Amino acid sequence: MMELIVFVISAAIVLGGALGVILFRNPVHAALSLIASFFGVAVLFVSQEAHFLALVQVVVYGGAIVVLFLFVIMLLGVDREEDITEEPFEGQRVSALVSGVLIFAMLMAGIFLSGRTGDDAGDFGPAAISGSSGQVVPLTEEQDVVQLGHDLFTRNILAFEATGLLLTIATVGAVVLVRNRGAEDLVVDEPGTSSR
Amino acid sequence: MIVTESWYLIVSALLFAIGATGLLVRRNPLVMFMCVELMLNAVNISFVAFSTALQDLAGQTAVFFVLVVAAAEVVVGLSIVVAVMRRRPSATVDDLAELKG
């Protein structure tokens, strides 16, 4: 019963926050609504025993990514309100809504027609994966952060190092992209030329 | 009532559909990025739901990598937006049809 209450509340926060992102005119409000949605997702993670991922969700998404969004919004001064009633081309709103409904219908069909739901043993159950090729890393009673770390540094070590490289490239790329190429409007405080 | 994995998958599907609709409706590039984040989060929810349902850790590992890639994507995407907005402060994505500065 408790799980149901937690699920309903956090799902409402997730979906309400998501609706806020696409409906608020002011980008700052949209970003704050995005934080609400991310926190709801973190609660959903906790209720599924993925405690470490919930923590990372709050720190990385709620902390880093949304703050980055807010920094860009406020530094660029693009926080003016967007007129979302004006359509760039006729029928965009309607076709976007139709596409969204179709995507949702497609996903629901995938969920409920996959043949794994509706079994007696709840939804999926270990029986559903008995035919897999032995690549399963079973969840044990150990703390999830211990298991995740072990899996990350043994089985997925190559992918882990690749993401490290990816983050380095992203950082360098960001610096290169926002670097001010025209040095004329950049005040360079060179040693020796300073008046002080 | 017991909360089964299908419920999490339904929330995930709804969140993904909302994110996709927002991506199609909004024209501010920053808000479009936020909608992409929503869609990534929807996928994360379903990864964790499958991980719990199948008692398989690989789903949680996948979420970890999705987080890292999302962070990298936001960094590069936002720096592109900053570079564009410096030249055209009021640009919407319609004005960015050609990638000349």
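This is a predicted model: local features need pLDDT of at least 70, side-chain atom pairs count only at pLDDT 80 or more; totals for chains, interfaces and linings use all residues.
Residues are numbered from 1 along each chain as its sequence is written, and chains are lettered from A in the order in which they are written. Local features need pLDDT of at least 70, side-chain atom pairs count only at pLDDT 80 or more, and totals for chains, interfaces and linings use all residues, while side-chain values use heavy atoms, with hydrogens and water left out.

Chain A is divided into domain 1 (1-61) and domain 2 (137-185), with bounds that come from an automatic or database domain assignment. The C-alpha centres of these two domains of chain A lie 23 Å apart.

Helices are DSSP runs (H or I, at least four residues) numbered from the N terminus. Helix H2 (residues 27-47) of chain A packs with H3(A) at an angle of about 175°, their axes being 8 Å apart; axes are lines fitted to C-alpha atoms over the stretch in contact, and angles run from 0 to 180 degrees between N-to-C directions. H2(A) and H3(A) are therefore roughly antiparallel to each other (angles over 145 degrees). The contact (heavy atoms within 4.5 Å) involves, among others, Phe38(A), Phe39(A) and Phe45(A) of H2(A) and Tyr61(A), Phe69(A) and Met74(A) of H3(A). Its residues divide into 21 nonpolar, three polar and no charged, where Ala, Val, Leu, Ile, Met, Phe, Trp, Tyr, Cys and Pro count as nonpolar, Asp, Glu, Lys and Arg as charged, and the others, Gly among them, as polar.

H2(A) also packs with helix H2 (residues 29-54) of chain B, at an angle of about 5° and with axes 11 Å apart. H2(A) and H2(B) are therefore roughly parallel to each other (angles under 35 degrees). Residues of this contact include Ala30(A), Ser37(A) and Leu44(A) of H2(A) and Met34(B), Glu37(B) and Asn41(B) of H2(B), and by class the contact has 13 nonpolar, three polar and one charged residues.

The second largest pocket has a volume of about 390 Å³, the volume being the space filled by probe spheres set on grid points joined across faces, edges and corners. A pocket is an open set of points, on a 1 Å grid over the protein atoms alone, where a 1.4 Å probe fits, with protein on both sides within 12 Å along at least five of seven lines; lining residues have an atom within 4 Å of a point. The lining comprises 20 residues, of which Gln48(A), Glu49(A), Leu139(A), Thr140(A) and Glu142(A) lie nearest the pocket centre, and divides into five nonpolar, nine polar and six charged. Helix H3 (51-76) and helix H5 (144-154) of chain A, together with helix H1 (5-25) of chain B, each supply at least two lining residues, with H5(A) giving the most, three. Domain 1 and domain 2 of chain A both give residues to this lining, so the second largest pocket lies between them.

Notes
Angles under 35 degrees count as roughly parallel, over 145 as roughly antiparallel, 65 to 115 as roughly perpendicular and the rest as oblique.
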